[in-house]
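Thanks for coming, everyone. I'll walk you through one structure today. Please have it up on your screens.

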Amino acid sequence: MNQTSLSLLIIEDNAQLAANIYDYLEACGHSLDAAPDGVSGLNLAATRDYDAIVLDWNLPRMDGLTVLRRLRIDEKKKVPVIMLTARDQLADKLDGFESGVDDYLVKPVALPELEIRLRSLVTRLRHAGAPEHALTVADLSFDLRTLEVTRGSRKAQLARTSRALLELLMRESPKVVTRERLQQVAWGDETPEIDLLRSHMYVLRRAIDQGSERKLLHTVSGVGYRLCALNDEP
């Protein structure tokens, strides 16, 4: 099967795991760099262009979340990042998404799943396209050219997956968007077994609604979510 080769960076301090990931992805036709700690990983990520990054959380010299925040905020890098970690608690996932991670995998991971998730993430973002106009719902605005999200005068920092979910919700506002459709936008046909959508929606709700009297993101029990002011009806 003719598939596009990806340029990937693996930031992982476990030498055996890093070697296994490196060898498997290289055998799949991808080109790779690897870093054993956060500082060298951040340097590679900041100075080179990658299609995606696989990032461990517990790294020497600089932890994964710090790497991610500096990559997003200081270096302004929008490269998709998959967090690969043993941390499996909901609070950890939320911290990861709020810091700008695009996907989250818990160790141990099946290498074919990692490769599929990398391809799916990169392909989805490559084909996303940039619409010409900004989206607006109430005082929430999303400029799809600059990727800047603002609620009133406050800017909201969102990772790529959260932005994709927000774009769909804003385009469909005030209609209800089903969980299945949101999952399709976030992960394509490779829907994760764990309920990552709930984590993403929690992060998205905090980003756009926290500190605002009028809540815009609403859960429709058993169906999905909708984005609208309380006085709007689908």
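One term before we start. A residue counts as buried when its relative accessible area is under 20%. Keep in mind, too, that this is a predicted model.

Let's begin with helix α8. It covers residues 196–209, which makes 14 residues. From first C-alpha to last, α8 reaches 20 Å, close to the 20 Å expected at 1.5 Å a residue.

How many of the 14 residues of α8 are buried? Ten of them are, so α8 is largely enclosed by the rest of the structure. Among the buried ones are Leu196, Leu197, Ser199 and His200. Met201, Val203 and Leu204 are buried as well. Toward the end of the list come Ala207, Ile208 and Asp209. As a reminder, an α-helix has 3.6 residues a turn, so residues three or four places apart point the same way.

What follows α8? Glycine 211 does, and its phi is positive, near 85°.

Now the cores. The largest nonpolar core has 52 residues. Which of them touch the most other members? Ile53, Leu55, Leu166, Leu169, Leu204 and Leu227 do. α8 gives the most to this core, with seven residues. There is also a second, separate core of 17 residues, including Ala52, Val54, Leu84 and Val109.

Take a look at isoleucine 53. Leave aside its neighbours within four places in sequence. Isoleucine 53 is then in contact with Leu9, Ile11, Ala45 and Leu71, among others. Its contacts also include Val79, Pro80, Val81 and Ile82.

Next, a sheet. This one is open, with three strands in the order β10-β12-β11 and antiparallel pairing. β10 and β11 are the edge strands, each pairing on one side only. β11 is residues 217–220, and β12 is residues 224–227. Four bridges join β11 and β12. In one of the pairs, leucine 217 has leucine 227 in β12 as its bridge partner.

α8 packs on it, touching β11 and β12, and its direction makes about 150° with that of β11. α6 lies across β10, β11 and β12, running at about 65° to β12.

On to the backbone. Most residues other than glycine have a negative phi, and most peptide bonds are trans. Here are some exceptions.

Where are the cis bonds? One runs from lysine 107 to proline 108, with omega near -5°. Proline 108 sits in the loop between β5 (103–106) and α5 (111–126). Another cis bond joins serine 173 and proline 174, with omega about 5°. Proline 174 is in the loop between α6 (160–172) and β10 (177–178).

Then positive phi. Alanine 138 has a phi near 55°. You'll find alanine 138 in the loop between β6 (135–137) and β7 (140–143). Is alanine 138 buried or partly exposed? Its relative accessible area is 41%, so alanine 138 is partly exposed.

Arginine 61 also has a positive phi, near 75°. Its place is the loop between β3 (52–55) and α3 (64–74). Arginine 61 counts as exposed, because its relative accessibility is 64% and the cut-off for exposed is over 50%.

Methionine 62 is buried, with a relative accessible area of 12%. Beyond its neighbours within four places in sequence, methionine 62 is in contact with Gly38, Val39, Leu42, Val67 and Arg70.

Last stop: aspartate 37. Look in the loop between β2 (31–35) and α2 (38–47). Aspartate 37 is buried, at 9% relative accessible area. Which residues does aspartate 37 contact, leaving aside neighbours within four places in sequence? They are Ile11, Pro60 and Arg61. With arginine 61 there is a polar contact, side chain to side chain, at 3.3 Å. That pairs a buried aspartate 37 with an exposed arginine 61.

That's the tour. Over to you.

Note on methods
Residues numbered from 1 in each chain as written. Predicted model: local features only at pLDDT ≥ 70, side-chain atom pairs only at ≥ 80, totals over all residues. Heavy atoms only, no water. Helix = DSSP H or I, 4+ residues; strand = E, 2+ residues; numbered from the N terminus. Expected span 1.5 Å × (residues − 1). Buried < 20%, exposed > 50% of the residue type's maximum accessible area, 1.4 Å probe, protein only. Core = buried A, V, L, I, M, F, W, Y, C linked by side-chain atoms within 4.5 Å. Contact = heavy atoms within 4.5 Å. Pairing = 2+ DSSP bridges. Axes fitted to C-alpha atoms, helices over the stretch in contact; angles between N-to-C directions. Polar contact = N/O pair within 3.5 Å; in protein donor to acceptor, adjacent residues only side chain to side chain.
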